[in-house]
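Dear colleague,

I am passing a structure on to you with this email, and below it I have written down what was found. Please keep the structure open while you read, so that you can look up each place as it comes.

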Amino acid sequence: MERLHITGGRPLRGTLAVQGSKNAVLPILAAAAAVPGRVVLSNCPPIRDVTVTRAILEGLGVAVQSSKGLLYIDGTGLRGSAPDPTLAGQLRSSVLLLGALLARLGRAEIPLPGGCVLGARPLDLHLRGLEALGVEIRCESGRLLCRGRPRGGVVTLPYPSVGATENLMLAALGAQGPVRILGAAREPEIRDLAAFLRACGAGITGAGSPCLRIEPAPLHGASHRIQPDRMEAATWLCAAAATGGSLRLTELEPACLRPVSELLKQAGCRICAQRGCLCLEAGPLWAVGPIVTGPYPAFPTDAQAPMMAALLRAEGCTLFEETVFSDRFRHVPGLRAFGARIETQGRLARVHGVKALHGARTAATDLRGGAALLIAALAARGESTITEARHLDRGYGELVRRLQSLGATVEVEK
Ligand code: EPZ
């Protein structure tokens, strides 16, 4: 989709089942390339990043089929070690094929990845980790040329990078001895990747803690259900709060959302969490204490933009500090177009609540920034148009149908 037209000012009301997690399925799809057998995945989100990753895998000789909501992936026929640069250039997560291909083939030629522009996104932690496991790496005309089966050993990450942790977990599957990752990321998506790899026969312990251990073992096919998308859930909660609505989200793990739901509670929403579901009843909102993003279990950076949009009409001033990415306020000028009052200074943003927002025409800059503009448009009085809406397709499946099911007036212009 290229453009969204929204008539705002209507509270979102209803029940939604949360989709499978984008940031869990993408590393699991990369991991499937390391498995010489058939993998069956359920609860895969219907999003563009999955479609692109699927095409990348097929280009490497991996067979992929889908039927009745299941994805069948068979890595037996894997032969290529160089993903298509045009496709891989669209996704940051394509870099995770590095670990998978090294584990399986002992070689990989990876184009430098694409994905959301959120400031500098170097790969030094991925590469230093792999070099520590004995992999030879050269960077040549925009490609990473990697050779050598990883050996066992210990890798210490100075920062709990999600991608570097996942890449090292995948490389370790084919290592010549046990691998320990210290200072590992603890995100729930790491736990889901570990659960998938264990089902495929890998010996993995410590997922969700700063110390991960991978015992290489022969891998085989398996079935796995992708965990719910805590970032999609966070976005819907923020949209319901911003529009003064009431929402029941099902098929999710409320505990994974705690940093977000606790803040919405502080801001004046009534929240009730039960096993597998979470309800939100919005009321007048007020500003909350500083919101500081950070690695899990801190407040997630991917929820920063949607939460900012939810608090545009909250009485008082909310301070945001973005500590994970250096340039993740690119949605702010777009929010100001709706009448929001936001001051930014480097990695700090102060949101001064306003009485009302008005319709506007703005362009999405990335996935979560686009979600923030959508939330502002839903809360604003009047008509709005969001262009470059294709950014939203990357991570939110069936967005328009799901919005309409909650009473939103939204149309898509092809
Ligand atoms: C994952 O990105 C997610 N993407 C991101 O979600 C998410 O924002 C991020 O983790 C943090 O939670 C996927 O899972 C596909 P990082 P990733 O490596 O792996 C720096 C979304 O909206 N860094 O933890 O790229 C880096 O520059 C997306 O769904 C290095 O300096 O995140 C950043 O500042 C956007 N060197 C910080 O660490 C490295 O080698 C966190 O990056 C690697 C990272």
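Glu 251 lies in the loop between strand 14 (246-250) and helix 9 (258-266). Please bear in mind throughout that this is a predicted model. Although Glu 251 is not a glycine, its phi is positive, at about 55°. As background to both, most residues other than glycine have a negative phi, and most peptide bonds are trans.

**The ligand and its surroundings**

The ligand is surrounded by 22 residues, of which the closest are Asp 124, Leu 125, Ser 161, Asp 302 and Val 324. In the case of Asp 124, an N or O atom of the side chain is 2.6 Å from a nitrogen atom of the ligand. The backbone takes part as well: a polar backbone atom of Val 162 is 2.8 Å from an oxygen atom of the ligand, and a backbone N or O atom of Gly 163 lies 2.8 Å from an oxygen atom of the ligand. Taken alone, the ligand would expose 830 Å², and the protein buries 89% of that area.

**Two helices side by side**

How do the axes of helix 1 (residues 22-32) and helix 2 (residues 48-59) cross? They come within 10 Å of each other and cross at roughly 0°, which means that helix 1 is roughly parallel to helix 2, since angles under 35 degrees count as such. On the side of helix 1, Lys 22, Val 25, Leu 26 and Leu 29 meet Asp 49, Val 50, Thr 53 and Leu 57 of helix 2. The residues of this contact divide into 5 nonpolar, 1 polar and 2 charged.

Notes. Residues numbered from 1 in each chain as written. Predicted model: local features only at pLDDT ≥ 70, side-chain atom pairs only at ≥ 80, totals over all residues. Heavy atoms only, no water. Axes fitted to C-alpha atoms, helices over the stretch in contact; angles between N-to-C directions. Helix = DSSP H or I, 4+ residues; strand = E, 2+ residues; numbered from the N terminus. Parallel < 35°, antiparallel > 145°, perpendicular 65-115°, else oblique. Contact = heavy atoms within 4.5 Å. Nonpolar A, V, L, I, M, F, W, Y, C, P; charged D, E, K, R; others polar. Near = heavy atom within 4 Å. Polar contact = N/O pair within 3.5 Å; in protein donor to acceptor, adjacent residues only side chain to side chain. Areas by Shrake-Rupley, 256 points an atom, 1.4 Å probe, with all protein chains shown as cover.
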